[in-house]
Amino acid sequence: MAQDSVDLSCDYQFWMQKLSVWDQASTLETQQDTCLHLAQFQEFLRKMYEALKEMDSNTVIERFPTIGQLLAKACWNPFILAYDESQKILIWCLCCLINKEPQNSGQSKLNYWIQGLLSHILSALRFDKEVALFTQGLGYAPIDYYPGLLKNMVLSLASELRENHLNGFNTQRRMAPERVASLSRVCVPLITLPDVNPLVEALLICHGHEPQEILQQEFFEAVNEAILLKKISLPMSAVVCLWLRHLPSLEKTMLHLFEKLISSERNCLRRIECFIKDSLLSQAACHPAIFRVVDEMFRCALLETDGAPEVIATIQVFTQCFVEALEKENKQLRFALKTYFPYTSPSLATVLLQDPQDIPQGQWLQTLKHISELFRKAVEDQTHGSCRGPFESWFLFIHFGGWAEMAAEQLLMSAAEPPMALLWLLAFYYSPCDGRQQRTQTMMAHVVATCRRDDLQPYGQRRSPSPFSLPPVARDERLPAHSPGKHPFFLEVI
């Protein structure tokens, strides 16, 4: 508690100096600095309120003699008043200073002064006399006029930006880059206001022809943070533009997804699917550039955790959500499969992406043999010492683990001698680092273990068949918080 008090005092001095600087200058640099610190200042106000509400007004003045100056400077800063919940928190802080029963004229004057600040906050957008007469003549009340004015200004600017995007290289009709940059800076404290959404969307979608990004870094960060906290809702096209133009935002979204999965004590597959769809990553991954970044981060997570079943499960659920989004977006692929899976043959990717329900049951065995042949060719006929060794093929395969499960079930239902192609495919899925001679023996052990499970059903008899099922350690079960062991393949890769 003592340390918290010391930290708050240090923060108090820092923000007092900041507000003084912001109050004395209104330059472009000062506005940029204000927007950059809005989130941190709001968090400071929250901490200040938590401290003030535990004291009476006299103790507050004794502890923070200049608290009135600090709050007054904040109340007269339009950027602070416009940002998120800062206005509300300022009102809370001011209310803590009011003496409910003033004992002297000094306390009465303080109450009167605080009431003046509260009135200013509650009427931050005030009319001058001429504007008031004009709007009254039009039949508008002040409370109706300014929201309508803001909406019209936003729509006008958004329309101008869209025209700017369509004009392309017609420099005479394009909005100046400096003005676009200024708009993005002004939007930072206003991003969470619903009426400003069209302008935010237009800024993200509008692409200039300058060699460097013209939108402010703070703008990208504020938009992405608002998306993560569900304080703003944007069309998927705008979200894709955000992550394409600002890679740190995409990376932060992936890390946010990992944090949610890790912090959740028990994750079932349905919960993982909800987390993934809620993140918008699977929908945005329909763009190959975003898919490649997301897939690369999954690859790193897989290596860092030595092939944890939880990570494999997440990859497979993500792939299922991605394919669903791809089908919804367009029945005909806008991008070649090679752009999504650059290290594999298009024929292999095409087969893996198929839903087994679209294949006649009598052709399942033939399709599995074809998949086995393609993987075998990619793995065992590769150039010795290639940097894209068997790991790349195995990493692709685990995206579509349902094919391995389907192969195991075909083996169980086969009355004849087990097809070697299916044995090889399952051996590669479960033990990719074994040699050619060991794979069959390894697979036989897995088949025996699978036969002992009492929940195995023929693939065609399931209620919701999917080519993206999980390995036995995770399928249809809740996932443990930590992996029980390591995959031997990762030691070789690392």
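## Two loop residues with positive phi

Asp306 is placed in the loop between α17 (288-304) and α18 (309-329). The structure discussed here is a predicted model. Although Asp306 is not a glycine, its phi is positive, at about 55 degrees. Most residues other than glycine have a negative phi. Asp306 has a relative accessibility of 13%, and it therefore counts as buried, the limit for that class being under 20%.

Leu280 is another non-glycine residue with a positive phi, in this case about 70 degrees. Leu280 is located in the loop between α15 and α16 (281-284).

## Overall composition

The protein contains 26 helices and zero strands. Of its 494 residues, 45% are buried. When contacts between residues at least 6 apart in sequence are considered, 69% of them join residues at least 24 apart.

## Packing of α14 against α15

Two packed helices are described by the angle between their axes and the distance between the axes. For helix α14 (residues 247-263) and helix α15 (residues 269-279), the angle is about 155 degrees and the axes are 10 Å apart. Because angles over 145 degrees count as roughly antiparallel, α14 is roughly antiparallel to α15. The crossing of α14 past α15 is right-handed.

On the α14 side, the contact is made by Thr253, Leu257, Lys260 and Leu261. The residues that α15 contributes are Ile272, Phe275, Ile276, Asp278 and Ser279.

## Packing of α4 against α6

Helix α4 (residues 67-75) packs on helix α6 (residues 86-97) at an angle of about 150 degrees, and their axes are 11 Å apart. These two helices are therefore also roughly antiparallel to each other. Their crossing is left-handed, whereas that of α14 and α15 is right-handed.

From α4, the residues making the contact are Ile67, Leu71, Ala74 and Cys75. Their counterparts in α6 are Leu90, Cys93, Leu94 and Leu97.

Asn224 belongs to helix α12 (residues 217-228). With a relative accessibility of 2%, Asn224 counts as buried. Its side chain is joined to that of Trp243 by a polar contact of 2.9 Å. Beyond its neighbours within four places in sequence, Asn224 is in contact with Leu242, Trp243, Ser249, Lys252 and Thr253. One of these residues, Thr253, also takes part in the contact between α14 and α15.

Ala349 lies in helix α20 (residues 346-352) and is buried, its relative accessible area being 2%. Once residues up to four places away in sequence are set aside, Ala349 touches Leu337, Phe341 and Thr344. Ala349 and Leu337 are separated by 12 residues in sequence, and the distance between their C-alpha atoms is 6.9 Å.

## Aromatic pairs

Pairs of aromatic rings whose centres lie within 6.5 Å number 22 in this model. In the pair formed by Phe41 and Phe44, the ring centres are 5.9 Å apart and the planes are at 35 degrees, so the pair is classed as tilted. Both residues lie in helix α2 (residues 28-52), three residues apart, or about one turn of the helix. Phe41 and Phe44 are both buried. Together with Phe14, Trp15 and Trp22, Phe41 and Phe44 form one aromatic cluster.

A further pair consists of Phe397 and Tyr429, with ring centres 5.1 Å apart and planes at 70 degrees, so this pair is edge-to-face. The pair links distant parts of the chain, with Phe397 in helix α22 (residues 390-399) and Tyr429 in helix α24 (residues 420-430), 32 residues apart. Phe397 is buried, with a relative accessible area of 0%. Tyr429 is likewise buried, with a relative accessible area of 5%.

Conventions. Residues are numbered from 1 along each chain as its sequence is written. This is a predicted model: local features need pLDDT of at least 70, side-chain atom pairs count only at pLDDT 80 or more; totals for chains, interfaces and linings use all residues. Side-chain values use heavy atoms; hydrogens and water are left out. Helices (H or I, at least four residues) and strands (E, at least two) are DSSP runs, numbered from the N terminus. Buried means under 20% relative accessible area, exposed over 50%, partly exposed in between (1.4 Å probe, protein chains only). A polar contact is a pair of N or O atoms within 3.5 Å; within protein, one must be able to donate a hydrogen and the other to accept it, and residues adjacent in sequence count only if both atoms are side-chain atoms. Contact means heavy atoms within 4.5 Å. Rings of Phe, Tyr and Trp (its six-membered ring) pair if their centres lie within 6.5 Å; planes under 30 degrees apart count as stacked, over 60 as edge-to-face and the rest as tilted. Axes are lines fitted to C-alpha atoms, for helices over the stretch in contact, and angles run from 0 to 180 degrees between N-to-C directions. Angles under 35 degrees count as roughly parallel, over 145 as roughly antiparallel, 65 to 115 as roughly perpendicular and the rest as oblique. A crossing is left-handed if the near helix is turned anticlockwise from the far one by less than a right angle, and right-handed if clockwise.
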